[in-house]
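Look at the sequence and the model shown here. Then read on with the picture beside you.

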Amino acid sequence: AAALPGGVALHDGLLDRPAQERLLDAIRAVVVEAPLYRPEMPRTGKPFSVRMTNCGALGWVSDRGGYRYQATHPVTGRPWPPIPDMLLDLWRDLAGYPHPPEACLVNYYDGEARMGLHRDEDEEERAAPVLSVSLGNDCRFRIGGTERGGPTRSVRLASGDVLLFGGPSRLAYHGVDRVYPGTSTLLERGGRINLTLRRVTRPG
Ligand code: MD3
Ligand code: FE
């Protein structure tokens with residue numbers, strides 16, 4: 001794992017092509033149960049450019065009422081499907097945290113989608129890292145410090161890359177500037193999928 005500043009570990013190309021295909025199959029099965037939908041920004045209701053769904057006991061959602069974790073899909077009303085075993089295994093191997101993740105957010109970026117700089121602060125448990133897996137086209141990922149307006153650096157992420165954000169980087173500002181078309185053949189329709197595994201509640 002390459003060390004980036006502040007407790008970020010980049011496992012460059014950790015998943016080989018067959019592993020990416022197996023994971024993609026598992027995510028396709030999740031999306032059948034819990035379709036991708038477009039969340040809306042708090043207050044304004046402006047739609048996200050990224051489409052989302054979740055698996056796990058809890059899923060991250062956003063609507064006019066705010067950001068939160070909830071146990072059911074906001075469109076179907078059904079519970080989120082379970083987190084695929086492959087992802088639970090990755091967490092067990094890499095997270096260095098003795099409890100399972102509760103939420104896996106599935107983000108789908110088409111060619112135009114972006115995610116502005118933000119911090120992930122809707123989780124009660126801050127001692128757990130966030131684990132991210134990239135599939136499909138490359139993107140330019142941006143990461144800064146824990147204060148808005150500080151310096152940032154960009155990292156190009158490719159299909160099969162796994163990142164772990166622990167320690168000080170857990171509350172770092174981050175975002176996705178752009179997705180580079182035609183840089184992977186994994187997704188027939190192009191675009192990029194990012195999976196983020198999180199512990200939400202403090203273990204009892
Ligand atoms: C750094 N997703 O879902 S993954 C998100 O590529 C999110 O879809 C981006 O930011 C994506 O919230 C970035 C990398 C990532 C995820 C969570 C983090 C970086 C992080 C949490 C804390 C610090
Ligand atoms: Fe984030």
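Strands β8 and β13 run antiparallel and are joined by six bridges. Strands here are DSSP runs of E with at least two residues, helices are runs of H or I with at least four, and both are numbered from the N terminus. Two strands pair if DSSP finds at least two bridges between them. One link in this pair joins V133 to its bridge partner L195 in β13.

This is a predicted model, in which local features need pLDDT of at least 70 and side-chain atom pairs count only at pLDDT 80 or more, while totals for chains, interfaces and linings use all residues. Residues are numbered from 1 along each chain as its sequence is written, and chains are lettered from A and ligands numbered from 1 in the order in which they are written.

Stay with β8. How many of its residues are buried? Seven of its seven residues are, so to speak, under cover: β8 is mostly covered. Buried has a cut-off: 20 or more other C-beta atoms lie within 10 Å of the residue's own, with C-beta atoms placed from the backbone. A residue is exposed with 12 or fewer, and partly exposed in between.

β8 also pairs with β11, in the antiparallel sense, over four bridges. V130 has F165 in β11 as its bridge partner.

Now move to β11. Strand β2 (residues 8–11) pairs with β11 in the antiparallel sense, again over bridges, four of them. Here H11 has V162 as its bridge partner. Which way do the residues of β11 point? V162 and L164 point one way, L163 and F165 point the other way, and all are buried. In a regular strand the side chains alternate between the two faces of the sheet.

Some of these residues turn up again around ligand 1. The ligand is surrounded by 15 residues, and the closest are N107, V130, S132, F165 and N194. A residue is near a molecule if its C-beta atom, placed from the backbone, lies within 6 Å of it. Which elements give two or more residues to this shell? They are β6 (103–109), β8 (130–136), β11 (162–165), β12 (174–179) and β13 (192–198). By class, the shell has seven nonpolar, six polar and two charged residues. Ala, Val, Leu, Ile, Met, Phe, Trp, Tyr, Cys and Pro count as nonpolar, Asp, Glu, Lys and Arg as charged, and the others, Gly among them, as polar.

Follow β12 next. An open sheet of four strands has the order β7-β12-β9-β10, with antiparallel pairing. β7 (115–118) and β10 (153–157) stand at the edges; each has a single partner strand, so one side of each is left without a neighbour in the sheet. Neighbouring strands of this sheet are turned by 25° against each other on average, direction ignored. For such angles, axes are lines fitted to C-alpha atoms, and angles run from 0 to 180 degrees between N-to-C directions.

β7 and β12 run antiparallel and are joined by two bridges. H118 stands opposite H174 in β12. G175 lies in strand β12 too. Buried or exposed? G175 is partly exposed, with 16 other C-beta atoms within 10 Å. Leaving aside neighbours within four places in sequence, G175 is in contact with M115, G116, L117, H118 and R142. Contact means that the two C-beta atoms, placed from the backbone, lie within 7 Å.

Two loops deserve a stop. R43 is found in the loop between α1 (17–33) and β3 (51–56). R43 counts as exposed, with 9 C-beta neighbours inside 10 Å. R43 has a positive phi of about 70° although it is not a glycine. Most residues other than glycine have a negative phi. P79 is found in the loop between β5 (66–70) and α2 (85–94). P79 counts as partly exposed, with 17 C-beta neighbours inside 10 Å. Leaving aside neighbours within four places in sequence, P79 is in contact with A71 and T72.

Finally, step back. The secondary structure of the chain comes to two helices and 13 strands. The radius of gyration, taken over C-alpha atoms, is 16 Å, close to the 17 Å that the globule rule (2.2 Å times the number of residues to the power 0.38) gives for 204 residues, so the chain is as compact as a globular protein of that length. Buried residues make up 34% of the 204 residues.
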